[in-house]
Amino acid sequence: MFQIRIHGRGGQGVVTATELLSIAAFMEGAHAQAFPSFGSERTGAPVVAFCRIDDKEIRLREPIVEPDALIVQDATLFKVIDVFHGLKPKGYLLVNTNKSFEELHIADRVAKIPPGHAHATNATAIALKHIGRPLPNAVLLGAFAALTGVVHLKSVAEAIRQQFSGKIGEANVAAATEAYEATEPVAV
Amino acid sequence: MTETTMPPPDTQKLRFYQKGTFTVGNRLVSEAERSVQASIDRSNALTCGHRACQGCGEALGARYAIDAAMRATNRNLVAVNATGCLEVFTTPYPETSWQIPWMHSLFGNAASVAAGVAAAMRVKNRPEVRVIAQGGDGGTTDIGFGCLSGMFERNDDVLYICYDNEAYMNTGVQRSSATPPTARTATTPAVGPQPGNVFGTGKNVPKIAVAHGIPYVATATVADLHDLERKVVRAMGLHGARYIHIHVPCPLGWGSASHDTIRLARLAVESGLFPLFEAEHGAVTGSTKIRKPVPVTEYLKPQRRFAHLFKDHDDARLAQLQAIADRNIAEFNLVDRAEVAS
Amino acid sequence: MLKQAEGSHAMAETIALCRPEVICAYPITPQTHIVEGLGEMVRNGHLKNCEFINVESEFAALSVAIGASAAGARAYTATASQGLLFMAEAIYNASGLGLPIVMTLGNRAIGAPINIWNDHSDAMSMCDAGWMQLFAETNQEALDLHVQAFRLAEELSMPVMVCVDGFILTHAVERLDIPSQEDVDAFLPTYEPVQVLDPAQPISIGAMVGPDAFMEVRFLQHYKQTLALRLLPEFSAEFKRRFGRDSGGLLRTYRAEDADMLVVAMGSINGTIKDTIDEMRAEGLRIGLVTLVAFRPFPTAELRNLLAGRKHVVVIEKSFAVGMGGQLANNVDLALRNTPAAPQVHSVIAGLGGRPVTRASLQRVFLRAEAQPWEGAHFLDLNEDIIGKELHHVRKVRRSGPTAENLLRRLGEARSAVSP
């Protein structure tokens with residue numbers, strides 16, 4: 001089972017990100033479970049959502065306490081909550097930021113992550129470029145596909161197109177593709 | 001689509017006991033002007049054997065209203081009844097005096113249940129089957145108010161009939177929001193500085209119904225049964241949410257003689273305390289004039305629930321009641337200047 | 001058809017396949033997506049021959065369903081928590097009148113304090129009202145139970161509540177098999193009412209019943225519900241034949257055959273318990289699980305047969321009767337009443353108000369049940385620190401303020417003390 005925890009703020013499409021990820025996994029024949037950490041919904045408030053991917057039925061319903069991967073849609077959260085809590089020793093980190101890990105004051109923590117498993121990408125900028133809105137969720141899924149190989153870009157693209165029709169769908173696919181191509185996959 | 005439903009084989013047949021007079025069956029009146037009740041072929045939806053008190057205004061009103069509705073709908077009618085006097089005295093365990101499909105659910109939900117029945121009939125492709133919800137003032141103006149308003153707002157295809165005897169009679173005469181000021185009830189006793197129900201409380205549900213903008217609203221009374229039937233028939237000729245508020249004296253609760261029921265209902269109208277009007281889509285379309293207005297005291301005196309006003313010579317509060325009557329007369333234009341002058 | 005879908009939406013699709021004729025609902029978290037889905041399907045013509053009514057309260061919602069059902073239409077509504085309580089009078093009315101209404105209950109805690117998250121207190125508040133109550137373990141079962149619920153309700157002329165954990169199931173997106181219209185039609189025939197409001201055959205429904213016959217009426221209601229003890233497994237078996245999967249029935253077991261300790265639970269918590277059991281089995285512990293699907297009628301005999309002879313039974317539930325204990329635990333005690341060599345029953349209260357239940361906590365409490373059994377109900381993962389502080393505060397000060405606010409403040413203080 002591969003467990004992903006996505007952190008962000010209300011309004012950034014965190015929940016949608018986990019749903020898209022689960023759909024992508026489904027399209028590849030896997031079982032996937034996506035659910036939010038259910039807090040009161042407020043734009044701007046910290047939001048956490050979860051996605052589990054497995055090749056068999058997923059029975060577990062607890063929140064993801066030991067993620068295999070963390071996706072952080074909003075880097076200001078590092079100061080607010082313990083984002084890294086429970087991240088597995090061989091886990092992945094994907095951060096939406098235009099800053100370095102040093103500037104984010106997380107370099108020490110990132111040092112504990114295996115080489116190549118941590119990646120920063122300016123997903124907001126890529127989103128603005130293709131979609132015209134600072135919605136980094138789909139973009140980060142493209143980077144995630146490259147970084148972990150857990151899902152293929154093709155599936156991510158299909159999932160995006162299924163949920164978002166027409167131009168919006170295509171714009172998100174383009175953004176995700178750009179992020180994918182800019183991300184170094186980890187040698188398996 | 002509008003077939004006449006034949007009465008089921010075990011319906012109780014009507015019998016007119018008075019023979020040898022032309023008054024029975026309104027035979028002195030032309031056929032077109034006869035009331036539904038006058039006909040031996042009326043549906044007799046509320047048949048005899050029920051346990052209403054002697055002189056019950058509600059039993060009288062319900063009988064007229066439902067038979068009129070049955071004729072207007074070719075006997076394609078379902079009635080939903082709130083808890084209350086009407087429900088209790090018509091279905092005394094283990095009998096029922098209803099000869100139509102009838103349902104009692106709860107005290108406050110008659111309007112919603114009726115809406116559900118109407119929806120089912122639509123879905124089952126039986127639009128000819130019409131629905132009436134009925135209840136007393138308690139079940140309509142108080143506990144059923146939310147559901148009533150919801151039914152109005154959705155414009156559900158239901159005629160809601162409220163039989164207003166101005167208190168929770170079935171449970172022992174407690175005050176409702178339809179109880180008139182100064183009236184003695186079990187929860188507004190005639191003691192203290194303001195004996196009886198207080199001024200400045202209560203709600204006028206017919207006017208609230210008008211404010212919902214529904215297709216038809218009318219007030220009616222058992223003092224004018226032809227008018228009552230006419231209004232029910234008019235209502236059944238329309239679709240959407242409709243409301244008829246019928247004034248029904250209760251000898252027990254009002255402390256009046258059982259033979260005075262119709263007379264008191266007439267005095268209520270003639271004093272101006274119970275205006276008769278009709279409204280459609282938020283606007284009053286007409287009212288019934290009072291030929292000779294009477295002072296409110298004439299209406300109040302025969303009712304022991306107002307006895308303390310006279311015993312204590314409470315002219316101030318009597319004047320307040322008269323003021324209410326006068327306001328109604330002005331608002332609904334119930335009296336012609338010429339008539340008053342003469 | 002396999003789909004990756006949100007539980008609520010998939011439920012809406014499945015309920016639509018059951019050909020409901022009147023749907024009426026009032027919004028309340030967490031059932032809103034179900035009713036919104038159905039409303040949309042009626043609007044866009046996907047769900048035909050169906051009236052969708054926007055009501056002004058939950059009391060009105062069930063009342064509309066009562067009227068519709070009494071007039072012969074297949075009626076459906078959904079609610080949770082506060083909404084269920086708001087329609088409480090109508091709940092008893094529907095079952096007392098014998099109307100086969102199906103209702104989804106998106107299990108949610110009841111306030112005060114107001115809480116929108118999952119637990120089973122709402123279902124428990126109405127468990128004695130004469131409705132059948134079925135608890136879904138997974139979203140797939142949630143879909144399947146609705147199909148079976150309509151069949152069961154109409155067969156017995158008795159309403160059914162399908163309980164689905166709010167948020168945990170309703171808002172989870174997962175892989176689900178939506179049945180085909182053809183299969184549902186074959187399983188679920190048209191509604192043939194036992195009683196119906198019809199001008200052609202007038203009847204009076206809802207008359208008063210006096211002391212002469214009330215006991216008999218209630219006995220017959222109870223007897224009728226016990227027929228479901230036979231019908232539920234029959235329908236489940238028929239469902240499996242047609243749809244190809246296990247769903248419904250009274251209960252099922254997991255690794256129970258040789259278990260010394262059996263856990264009993266309802267709803268989505270069972271998934272997490274199964275993973276926990278696998279981990280503990282790997283350590284050599286003989287532990288198994290009984291997943292209860294039917295809470296009403298309560299499968300007394302079936303449970304007794306399963307539990308008798310075991311060493312330990314751990315009942316874990318997401319509800320609690322203040323002043324008494326866990327309702328499920330008490331019902332399980334009932335099943336073991338007068339049973340010779342009855343196991344030790346341990347009552348665990350978990351997940352109230354949406355508190356997450358983890359494998360780690362479960363494992364600890366299962367081990368503790370054997371090693372350090374307790375009296376009464378054990379609250380899982382209780383924050384004894386803030387409780388201690390509050391009790392101390394209350395003893396010192398008369399006007400100690402609202403408990404909830406005090407606890408939240410202490411929690412907030414504790415959190416800010418931890419982060420840098």
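# A first look at a three-chain model

Strand 2 of chain A pairs with strand 8 (residues 173-177) of chain C, antiparallel and over two bridges; strands pair if DSSP finds at least two bridges between them. Helices (H or I, at least four residues) and strands (E, at least two) are DSSP runs, numbered from the N terminus. Welcome to a predicted model, in which local features need pLDDT of at least 70 and side-chain atom pairs count only at pLDDT 80 or more, while totals for chains, interfaces and linings use all residues. Residues are numbered from 1 along each chain as its sequence is written, and chains are lettered from A and ligands numbered from 1 in the order in which they are written.

**Where chain A meets chain C**

- Within the strand pairing, A:A34 has C:V173 of strand 8 of chain C as its bridge partner.
- In total, 17 residues of chain A are in contact with 20 residues of chain C; a contact means that the C-beta atoms of two residues, placed from the backbone, lie within 7 Å.
- On the side of chain A that touches chain C, helix 1 (14-27) and strand 2 (31-36) of chain A each supply at least two residues.
- Strand 2 of chain A gives the largest share of that side, six residues.
- By class, the side of chain A that touches chain C holds 10 nonpolar, three polar and four charged residues. Here Ala, Val, Leu, Ile, Met, Phe, Trp, Tyr, Cys and Pro count as nonpolar, Asp, Glu, Lys and Arg as charged, and the others, Gly among them, as polar.

**Where chain B meets chain C**

- Two pairs of chains are in contact, and chains B and C share the most contacts.
- Here 39 residues of chain B are in contact with 38 residues of chain C.
- Strand 1 (77-81), strand 2 (102-104), helix 3 and helix 5 (145-154) of chain B each supply at least two residues of the side that touches chain C.
- With 11 residues, helix 3 of chain B makes the largest contribution to that side.
- The side of chain B that touches chain C is made up of 22 nonpolar, 13 polar and four charged residues.
- Strands meet here too: strand 2 of chain B and strand 9 (residues 204-205) of chain C run parallel and are joined by two bridges.
- B:M103 has C:I205 in strand 9 of chain C as its bridge partner.
- Chains A and B, by contrast, do not touch, and their nearest C-alpha atoms are 29 Å apart.

**Chain C as a whole**

- Chain C contains 15 helices and 16 strands.
- Its domains are domain 1 (2-243), domain 2 (251-379) and domain 3 (384-418), with bounds that come from an automatic or database domain assignment.
- The centres of domain 2 and domain 3 of chain C, taken over C-alpha atoms, are separated by 31 Å.
- Chain C has a radius of gyration of 22 Å, which agrees with the value near 22 Å for a compact globule of 420 residues. That radius is taken over C-alpha atoms, and the globule rule is 2.2 Å times the number of residues to the power 0.38.
- Along its principal axes, the C-alpha trace of chain C spans about 70 × 55 × 50 Å.
- Of the 420 residues of chain C, 52% count as buried. A residue is buried if 20 or more other C-beta atoms lie within 10 Å of its own, exposed if 12 or fewer, and partly exposed in between, with C-beta atoms placed from the backbone.
- Among contacts in chain C with a separation of 6 or more, 78% come from residues 24 or more positions apart.

**The largest nonpolar core**

- A nonpolar core is a set of buried Ala, Val, Leu, Ile, Met, Phe, Trp, Tyr and Cys residues joined through C-beta atoms within 7 Å.
- The largest one has 294 residues, of which B:V117, C:V22 and C:V162 touch the most other members.
- Helix 3 (residues 110-123) of chain B provides the largest share of this core, 11 residues.
- This core lies between domain 1 (2-243) and domain 2 (251-379) of chain C, because both give residues to it.
- Beyond its neighbours within four places in sequence, C:V162 has contacts including C:V102, C:L134 and C:H146.

- A:N122 sits in the loop between strand 6 (118-121) and helix 3 (123-130) of chain A. A:N122 counts as partly exposed because it has 18 C-beta neighbours inside 10 Å.
- Apart from its neighbours within four places in sequence, A:N122 is in contact with A:T97 and A:N98.
- B:R27 lies in the segment before helix 1 (57-72) of chain B, and B:R27 is exposed, with 12 other C-beta atoms within 10 Å.
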